[in-house]
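Please find my notes on this model below. They run point by point.

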Amino acid sequence: MDERRDKARHRVLKAGTIEFGGGAIDCTVRNLSDTGAALDVTSPVGIPDRFTLFVHADGKHLSCTVVWRKEKRIGVRFG
């Protein structure tokens, strides 16, 4: 598989919350870079294409756009 990311991602295991339209879904941040992340979710169903990710350990809110979806993981780009 060709690597299409601009920045290398680092493996992490951090609790996060996907926030959108007054709702929230818990997730696990599995890898992270300055430009994006991969998130593990129970189900990607109902998660919109744009949302805010809150990373608990870092206290950061990051604006996200979904780039890809798999069975229980989604890839996002920040910004």
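1. Which strand is D40 found in? D40 is found in strand β3. Strands here are DSSP runs of E, at least two residues long, and helices are runs of H or I of at least four; both are numbered from the N terminus.

2. Ground rules. This is a predicted model, with local features needing pLDDT of at least 70, side-chain atom pairs counting only at pLDDT 80 or more, and totals for chains, interfaces and linings using all residues. Residues are numbered from 1 along each chain as its sequence is written, and side-chain values use heavy atoms, with hydrogens and water left out.

3. Confidence. pLDDT is the predictor's confidence in each residue, from 0 to 100. The chain averages 91, and 89% of the residues score at least 70. Among the elements, strand β1 (residues 10-20) has the lowest mean pLDDT, 95. Strand β4 (residues 50-55) has the highest, 98.

4. Fold. The chain has six strands and zero helices. Along the sequence the pattern reads β-β-β-β-β-β. The six strands close into a barrel, in the order β1-β2-β3-β6-β5-β4, with antiparallel pairing. From one strand to the next, the twist averages 45°. Axes for such angles are lines fitted to C-alpha atoms, for helices over the stretch in contact, and the angles run from 0 to 180 degrees between N-to-C directions.

5. Pairing around β3. Two strands count as paired if DSSP finds at least two bridges between them. Strand β2 (residues 23-32) and β3 pair antiparallel over four bridges. A hairpin of three residues joins β2 to β3. V29 has L39 in β3 as its bridge partner. On the β6 side, five bridges join β3 to β6, again antiparallel. There A38 has G75 in β6 as its bridge partner.

6. Pairing of β4 and β5. These two strands are antiparallel and share six bridges. T52 stands opposite S63 in β5.

7. Burial. Buried means under 20% relative accessible area, exposed over 50%, and partly exposed in between (1.4 Å probe, protein chains only). Of the 79 residues, 35% count as buried. β3 is mostly covered, with five of its five residues buried. G36, A38 and D40 point one way from β3. A37 and L39 point the other way.

8. Surface and contacts. The chain exposes about 5200 Å², and carbon and sulfur atoms supply 48% of it. The areas come from the Shrake-Rupley method with a 1.4 Å probe; for residues, only the protein chains shown count as cover. Contact means heavy atoms within 4.5 Å. Among contacts between residues at least 6 apart in sequence, 44% join residues at least 24 apart.

9. What surrounds D40? Leaving out residues up to four places away in sequence, D40 touches C27, T28, R30, K72 and R73. D40 and K72 are 32 residues apart in sequence and 5.8 Å apart in space, C-alpha to C-alpha.

10. The D40 salt bridge. A salt bridge is a side-chain nitrogen of Lys or Arg within 4 Å of a carboxyl oxygen of Asp or Glu. The side chains of D40 and R73 form one at 2.5 Å, N to O. D40 lies in strand β3 (residues 36-40) and R73 in strand β6 (residues 73-78), so the pair ties together parts 33 residues apart in sequence. R73 is partly exposed, at 30% relative accessibility. R30, D40 and R73 are linked in a network of salt bridges.

11. Other salt bridges. How many salt bridges does the rule give? The count comes to four. One of them joins D58 to K14 at 3.0 Å, N to O. D58 lies in the loop between β4 and β5 (60-69) and K14 in strand β1, so this pair ties together parts 44 residues apart in sequence. Both ends are partly exposed: D58 has a relative accessible area of 33%, and K14 has 21%.

12. R69 and D49. Their side chains meet in a salt bridge at 2.9 Å, N to O. R69 lies in strand β5 and D49 in the loop between β3 and β4, so the pair ties together parts 20 residues apart in sequence. R69 is partly exposed, at 34% relative accessible area, whereas D49 is exposed, at 52%.
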